[in-house]
Amino acid sequence: MQWLTIKRIFRAGFLDFLRNGFVSISSILVMTVTLFIIGMTIFTGVILNTALQQLRDQADVSVYFIPGAPENQILQLQQTLQARPEVTSVTYTSQDDALAQFRALHQNDQLTLQALDELGVNPLGAVLTVKAKDISQYAAIAQFLQQQQQQALQAGQTSIIDKINYFDAQHQEALSRLQQITTSAQKLGLVIIIILVATTVAICFNTLRLAIYTSREEIAVMRLVGAGQTYIRAPFMVEGVLYGLIGGIITMLLFYPLTYWLGNATQDFFGGINVFTYYITNFGIFFAIIVGTGVVLGALASFLAVRRYLKI
Amino acid sequence: MIYYDRVTKIYADNSVALDDVSFSIEPGEFASVVGHSGAGKTTLIKMLLAEERPSSGSVFFESVNVHEVPMNRINTLRRKIGTVFQDFKLLPNKTAYENVAFAMEAAGRPEEEIRSDVPHVLDLVDLGDKMNNFPSELSGGEQQRVAIARAIVNQPDVIVADEPTGNLDPLNTFEIAQILKKINDLGTTIILTTHNKGVIDSLKKRVITLDRGKIVRDDREGKYIL
């Protein structure tokens, strides 16, 4: 396409945008609402994900060692575990630490503490607490630990592992419940987001179609005067892009005070994530998504809306 | 130059708009098509502009079958035909100047040419002082003169005027007829549809009379007879 034609298309688009003041303003408003809802779903998604992640982080598997198990063997096992790709962290609690924790836990229970003192020796074994990336991976980790235990037993030695809490019925139940809750919450969130976004996009499409419907006679006149299809269509797309661009910028401006205001609340409420910090640190990508969506939506809606009136 | 070959148009509701119509128009001719409302005058014009397709038969413009031109190239054919309509069909969001300039821009003409030709053509129809008015700020006669300026600015081979005086008072009607006659004197072929007896009788040019979709008369130097 020639430079002259491109220049004319942009000039016509800008002029129509200015002269159709009322239509432009209402289109920008609808575009802003659409992009605002898309932005809100992004924030909601991020908050939901962090909240669920925190819930998942509650899960772990603990390995209890027999009292007096040699520390170097335990640390060796810790290293082996840490090397596994699905493991995020392995925390070692030594015998002494376990005892201290036990005392702290029962500090108001004199009877138990007295009984402990009576024993004279530390009856508690060391503990390794394993955290995995995903709840479903705990089964494999537990199985690996059990194998270690059995290998030792087969070799005729006593295993240093006393107990793996994964094999407690209660613990397994709790893990699977947690898994269920988090996955269904995620699915539900996704469905709600899709419905919301689809609805607003449809409304936006319809508004732009109505805006162009008012120009259908003009389009017919342009055709009869001898204008090509692209030459008629492109200025409408320029207008659509302008709606998206301006709507996107307004949305981004709206989110600044909104996230600032909500920032601390979300941090306290959902734990961890501050939407304002998130907005500031991810501003670039956020801007690209919101404004980009607006521009593509505007151009596409105009492109499709003009098509039906060009058939003359 | 223009040749209608046994053109029949039957609309979806089975009403017959044109019934086996054949005629030809030579370059430089001024042909008026007359008839009552519903006689098929507008359908005849729409056929030439490829706004409507014939049910049977074909329409040739400069030996090109109009209805075999694909949709995305029909605009190049339309640039050779200037059009004037009863309801003016100006672009409401553009000034008189921009309406005329649009036809040139759409044809890809350079800016300098537009800047010199548009005021010239608007002067020709006596609207030099109202170039920057929007259509809503112009009278019916003025709007129709803008439409004529737009139709002639690309120097088309033919001007098609479909009831151009239908919405105008007698004085404006007379002026428009005179402008069309002047354009014809400069060599442009003109097809005019009208049911204004005064216009036809004053022109003293060829008259094709349509009645219920059929040509009933075709006179070299005709009068309005119905």
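Analyst: Happy to! β6(B) and strand β7 (residues 158-162) of chain B run parallel and are joined over five bridges. Please keep in mind that this is a predicted model.

User: What makes β6(B) and β7(B) a pair?

Analyst: Pairing takes at least two bridges, and these strands have five bridges. Within β7(B), Val160(B) is the bridge partner of Thr83(B).

User: How do you know which way the residues of β6(B) point, and are they buried or exposed?

Analyst: Ile81(B), Thr83(B) and Phe85(B) point one way, while Gly82(B) and Val84(B) point the other way. In a regular strand, side chains alternate between the two faces of the sheet. All of these β6(B) residues are buried, and buried means under 20% relative accessible area.

User: Why is Phe283(A) called partly exposed?

Analyst: Its relative accessibility is 35%. Buried would need under 20% and exposed over 50%, so Phe283(A) counts as partly exposed.

User: What puts the buried residues of α3(A) on the same side?

Analyst: The buried residues are Ile74(A), Leu77(A), Gln78(A) and Leu81(A). They span an arc of only 105° around the axis, which means they share one side of α3(A). Asn72(A), Gln76(A), Gln79(A) and Ala83(A) are exposed on the other side.

Definitions and conventions. Residues numbered from 1 in each chain as written. Chains lettered and ligands numbered in written order. Predicted model: local features only at pLDDT ≥ 70, side-chain atom pairs only at ≥ 80, totals over all residues. Heavy atoms only, no water. Buried < 20%, exposed > 50% of the residue type's maximum accessible area, 1.4 Å probe, protein only. Helix = DSSP H or I, 4+ residues; strand = E, 2+ residues; numbered from the N terminus. Arc of directions from axis to C-beta.
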